[in-house]
Amino acid sequence: MAKPARNFEAVVASANALASGAVVYRTAEGSWSPHFKDALIARSKSEAEALLAAADGDVKATLIVELALIEVALEEGVAPRPRSLRERIRAEGPTVPIPQDPQPVIRT
Amino acid sequence: MYRYDEFDHRFVMERTKEFAGQVTRRLSGELSEEQFRPLRLMNGVYLQLHAYMLRIAIPYGTLSSRQLRKLADIARRYDRDYGHFTTRQNLQFNWIKLADMPAILAELAEVEMHAIQTSGNCIRNVTADHFAGAAADEIADPRPWAEIIRQWSSLHPEFSFLPRKFKVAVTGAAKDRAAIQVHDIGLELKRNDKGENGFAVWVGGGQGRTPMIAKKLTDFLPESDILAYCDAILRVYNLEGRRDNKYKARIKILVHEMGEEEMRAAVEKEFAAIRGKTLTVPAPEIARINAYFAPPAYQLCDPATPVFVAAQAADSQFRMFAERNVTPHKQPGYGVLTISLKPVGGPPGDATSSQMDRIADLAERYGHDEIRVSHEQNLVLPHVRLDDLPAIHASLIEGGLATANAGLITDIIACPGLDYCTLANARSIPVAQRISERFADIARQRDIGDLKLKISGCINACGHHHVGHIGILGVDRKGEEFYQITLGGSGDETCAIGEIAGRGFSSDEIVGAVETVVDTYLKLRQTPQEDFLAAYRRLGSAPFQEALYVA
Amino acid sequence: MPLYRNGQFVSDDWSFADDNEILGAGPSVVSKARFLQDRDGLLARNAPLGLVLQAGENFTDIEEDLLHFAMIVLTLPKFTDGRAYSLAYLLRDRYDFSGEIRARGDVLRDQVSFLLRAGFDSLEVSNEPTIRALAAGDVKGVSVRYQPAADDTGDTSPEGARPWLRLAR
Ligand code: SF4
């Protein structure tokens with residue numbers, strides 16, 4: 001389980017749902033949402049610890065796995081986003097399109 | 001093809017049921033994640049970035065049409081309509097629910113498939129030359145031996161909790177298409193001057209963090225001794241391999257630390273104690289398994305292949321396809337067809353359900369019902385009549401599968417990287433896409449000629465970058481993706497680990513850097529016949545480094 | 001610690017002595033270090049002697065003495081540490097050891113059939129779900145085996161070309 005970073009900015013709690021594996025975020029209501037925008041943002045170390053402690057109950061209740069706090073970038077005028085590329089990909093999906101049935105791609 | 005008998009069927013059914021029970025116990029909370037992880041891994045289930053991933057075993061890369069259709073069907077109903085063929089000749093589904101696993105595995109069992117030992121610290125699915133049984137240069141078919149070893153290694157009571165994963169590859173040709181020298185055990189099936197079959201046995205090769213070329217423990221082991229010899233190697237490894245550090249736990253480190261001589265002595269000592277007992281493969285068993293892999297009933301064909309010849313003359317696109325994607329077959333009038341899963345700009349190794357269905361149909365209609373998965377992440381129809389190729393080609397064009405780039409620079413191997421993989425440092429697929437777009441011009445690709453470009457998103461090297469003529473390794477530098485280039489690697493019988501060219505390149509720079517390497521080669525090659533690897537071996541790294549870093 | 005042997009939980013007839021503890025009169029198990037230190041004294045005792053090997057210990061220096069032990073205990077520090085399987089195999093196959101081989105440590109349900117086939121006779125089990133499953137006779141493993149094992153008793157060899165094939169009865 002990741003600890004809040006030292007230079008604290010903001011974090012959310014994320015995990016994978018045990019049965020589906022889907023990426024989920026802890027909401028203010030204490031439920032789990034597949035959408036990053038629904039995540040409760042902890043803005044201090046103590047808030048982060050409380051968030052993690054509350055979320056950890058659902059690991060024990062075998063609802064989620066791989067619980068971690070992830071850092072969030074907060075910038076004026078932009079919606080919050082995960083700070084790292086890895087977490088952005090988890091939140092937003094692969095950066096490459098899901099393979100589709102092809103337009104023929106032969107080039108001569 | 002190998003077909004299950006009643007025991008094999010029962011084995012897979014029971015194992016599938018056992019795993020279903022493990023899934024149920026996990027979902028109920030009886031098993032903790034820590035307890036469940038090794039169990040799910042022994043059955044090919046990973047938790048990746050977005051979902052569970054299921055890795056399905058395709059033993060030595062061989063599939064029937066029925067099996068490929070089943071994979072397509074599973075992709076359609078349980079996943080997002082596509083699958084990813086891997087460098088270990090397996091298939092991965094990226095968006096599977098844990099709760100669906102038992103149902104999927106039960107469906108796979110219906111077509112004699114499973115996910116047993118596709119991950120975990122056990123003997124993994126055995127790989128072999130994807131042209132086995134077809135290639136003109138083959139001495140003997142490696143697949144019967146891959147099958148025999150696969151069976152022996154299945155749920156082995158002694159070797160299911162090894163220090164680390166263990167990979168075995170078998171080739172039956174002097175030209176090594178199975179990369180045996182970078183496997184934990186590499187086997188080269190050969191024939192001695194008395195006409196007997198045996199194996200050269202290589203041990204301790206591998207890629208990853210500490211790439212090493214395997215050491216040859218014996219040059220000729222009688223074929224019937226192969227299980228006893230493998231058993232001896234595994235026992236030495238299981239007892240002596242390091243368990244204190246997972247980065248030092250592969251057998252390559254043990255071989256390195258013990259030294260080749262001592263390793264050989266330890267294996268030979270153990271082998272002497274078990275040789276000639278139950279693990280000796282009896283001649284009737286060798287014959288029985290070989291019979292499954294008998295050549296197909298070749299159809300009559302005109303050895304002059306008039307349809308094939310005429311189509312090449314009439315259609316330059318077809319001619320280029322035939323030149324790159326068709327390899328000589330043992331049988332006159334036949335060819336081995338590589339179906340590239342590397343369309344320009346596409347994710348390497350992915351196929352949609354309908355593409356899988358189309359290839360299954362083609363295999364059934366023209367290809368004696370057989371498909372292979374290559375470790376280069378392409379599909380292969382091993383037995384097709386050359387005169388049927390124009391019709392096959394037309395169908396492949398419709399399916400977006402006719403890319404005529406086998407062995408060329410855009411036939412890129414790439415691991416899933418940070419788009420899917422939880423261990424990744426950087427993305428692989430977008431780099432592959434951009435490189436293939438940069439080199440999209442087929443005339444330019446053909447001018448560059450044979451060039452193996454391989455990309456891994458982290459040091460685990462699933463994309464085999466160490467043995468790429470040009471290798472690219474994704475690294476994380478303070479949260480930013482960087483890419484390190486290695487040059488001169490090779491996974492064939494002239495096996496070599498690529499040398500790091502120098503400092504890494506940013507995501508913006510990497511495609512240009514590859515182009516610089518290629519342009520340097522084009523400028524310095526002696527003749528157009530001197531391919532990249534030959535030129536690199538003649539020139540060394542200096543001119544390439546100069547072009548990359550000085551100029 | 002609940003002890004599972006021959007298909008049921010039984011009470012333990014062995015006592016495990018610390019290295020500086022005086023041995024009782026009954027069956028006693030000692031460490032490798034203690035055995036090496038006091039070999040002759042221990043072998044002169046008039047009761048069965050057992051040996052416990054910690055993870056990482058092997059038969060070096062005691063190869064000649066293995067058959068003096070009535071029981072050898074192999075430790076699995078984690079169930080993912082598979083060394084004990086090969087040690088058990090060697091005891092049965094190489095040293096003709098016919099005494100009891102016991103597994104202790106991280107013994108879990110899903111390894112039980114591997115352990116028994118590798119030559120273990122008895123298991124010290126502390127994991128509750130594993131105890132329940134064993135007590136209920138719920139732990140079977142896959143009945144088709146592609147290898148001969150150190151302990152094949154109870155298996156049959158079906159007719160056919162594969163001499164290593166085994167079926168659980
Ligand atoms: S090389 Fe690394 S990033 Fe790529 S698939 Fe393997 S583990 Fe994942």
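**View 1. Area buried between chain B and chain A in the predicted model.** The two chains bury about 3,000 Å² between them. Of this area, 64% is on carbon and sulfur atoms. In terms of contacts, 43 residues of chain B meet 30 residues of chain A.

**View 2. Salt bridge and polar contacts across the interface of chain B and chain A.** The rule finds one salt bridge across this interface. Its partners are Arg37(B) and Glu66(A), with 3.9 Å between the closest N and O atoms.

**View 3. Elements on the side of chain B that touches chain A.** Two or more residues each come from the helices α1 (6–27), α2 (33–41), α12 (353–366), α13 (389–398) and α14 (429–438) of chain B, and from the strands β5 (91–96) and β13 (350–352) of chain B. α14(B) gives the most to this side, with three residues. By residue class, the side of chain B that touches chain A consists of 21 nonpolar, twelve polar and ten charged residues.

**View 4. Residues around the ligand.** The shell includes four cysteines of chain B, Cys415(B), Cys421(B), Cys458(B) and Cys462(B). Eight residues of the shell are nonpolar and four are polar. No charged residue is part of the shell.

Conventions:
Residues numbered from 1 in each chain as written. Chains lettered and ligands numbered in written order. Predicted model: local features only at pLDDT ≥ 70, side-chain atom pairs only at ≥ 80, totals over all residues. Heavy atoms only, no water. Near = heavy atom within 4 Å. Nonpolar A, V, L, I, M, F, W, Y, C, P; charged D, E, K, R; others polar. Contact = heavy atoms within 4.5 Å. Buried area = accessible area lost by both parts, 1.4 Å probe. Salt bridge = Lys/Arg side-chain N within 4 Å of Asp/Glu carboxyl O. Polar contact = N/O pair within 3.5 Å; in protein donor to acceptor, adjacent residues only side chain to side chain. Helix = DSSP H or I, 4+ residues; strand = E, 2+ residues; numbered from the N terminus.
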